[in-house]
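Visitor: I would like to learn how to read strand pairing and side-chain packing from a model. Please take me through one case.

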Amino acid sequence: DCREGRTLIEFSAMKIAQRANTVGPQYGATRREFARMLGMGLAVGAAGYAAPRSLQIGHTGITWGDDTERAITDVASLGFYGFETFGNVLENWEKQGGLRHVLDSHKLPLISAYCTLNLTDPSKRKDELDRMRTWGELLLKNGGHVSVLGPNNVPRATYDFKASKSNIVETLNECAKMLTDM
């Protein structure tokens, strides 16, 4: 019970201070009882104090496979700060009116979309950038603001990074410029 607009900590400290004036056998409270009460008061005060968080924790929908609606419901009910999905999921949900209404109904913000693009094949760059533009627009439309760029898989045993490096850098630069200019 926090009276007169006092916080729980202020109220607890006030009650402990009042009780401190009644320590001693003549008042019916021993030092041991006072120490116990002080400890309980501090515990109550600490329980009522929540330090501001400098890091928010979200969750990705990959854990739920293709059940995006269930993923959003569970992530929201578990108290996570935000949600991450995939670019292709945003595109698929767009055909159903978009993902925003599901996120909003659960008061869960979309933070990011993991977007896979081919970085190693120069002949696919234009199509990949067109797809990334679509996913970037859908990400913004649904309230997100982070695009996680995921590269395509390569056969590790035979992959020659040096041969692909310039195309990787050029594709990433073009993609990043396009997305940041949105």
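Visitor: Which residue stands opposite E84 in β3?

Guide: This is a predicted model. In it, E84 has S112 of β3 opposite. Strands β2 and β3 (residues 110–117) are parallel and are joined by four bridges.

Visitor: What stands opposite T60 in β2?

Guide: E84 is the residue across from T60. Strand β1 (residues 59–60) runs parallel to β2 (residues 83–86), with two bridges between them. Between these strands the chain passes through helix α3 (residues 68–77), and the β-α-β crossover is right-handed.

Visitor: How should I read the side chains along a strand?

Guide: In a regular strand, side chains alternate between the two faces of the sheet.

Visitor: How many aromatic pairs does the count come to?

Guide: The count is one aromatic pair. For the rings of F86 and Y114, the centres are 5.8 Å apart and the planes stand at 75°; planes over 60 degrees apart count as edge-to-face, so that is the label for this pair. Because F86 belongs to strand β2 and Y114 to strand β3, the pair ties together parts 28 residues apart in sequence.

Visitor: What is the relative accessible area of Y114?

Guide: The value for Y114 is 30%, so Y114 is partly exposed.

Visitor: Now a loop residue. Is N118 buried or exposed?

Guide: N118 lies in the loop between β3 and α6. Its relative accessible area is 13%, so N118 is buried.

Visitor: Which backbone nitrogens does the side chain of N118 reach?

Guide: The N118 side chain reaches the backbone nitrogen of T120 at 2.9 Å and that of D121 at 2.8 Å. With neighbours within four places in sequence left aside, N118 is in contact with K124, E128, N152 and T171.

How values were computed:
Residues numbered from 1 in each chain as written. Predicted model: local features only at pLDDT ≥ 70, side-chain atom pairs only at ≥ 80, totals over all residues. Heavy atoms only, no water. Pairing = 2+ DSSP bridges. Right-handed = clockwise from strand over helix to strand, strands pointing away. Phe/Tyr/Trp six-rings, centres within 6.5 Å; stacked < 30°, edge-to-face > 60°. Buried < 20%, exposed > 50% of the residue type's maximum accessible area, 1.4 Å probe, protein only. Polar contact = N/O pair within 3.5 Å; in protein donor to acceptor, adjacent residues only side chain to side chain. Contact = heavy atoms within 4.5 Å.
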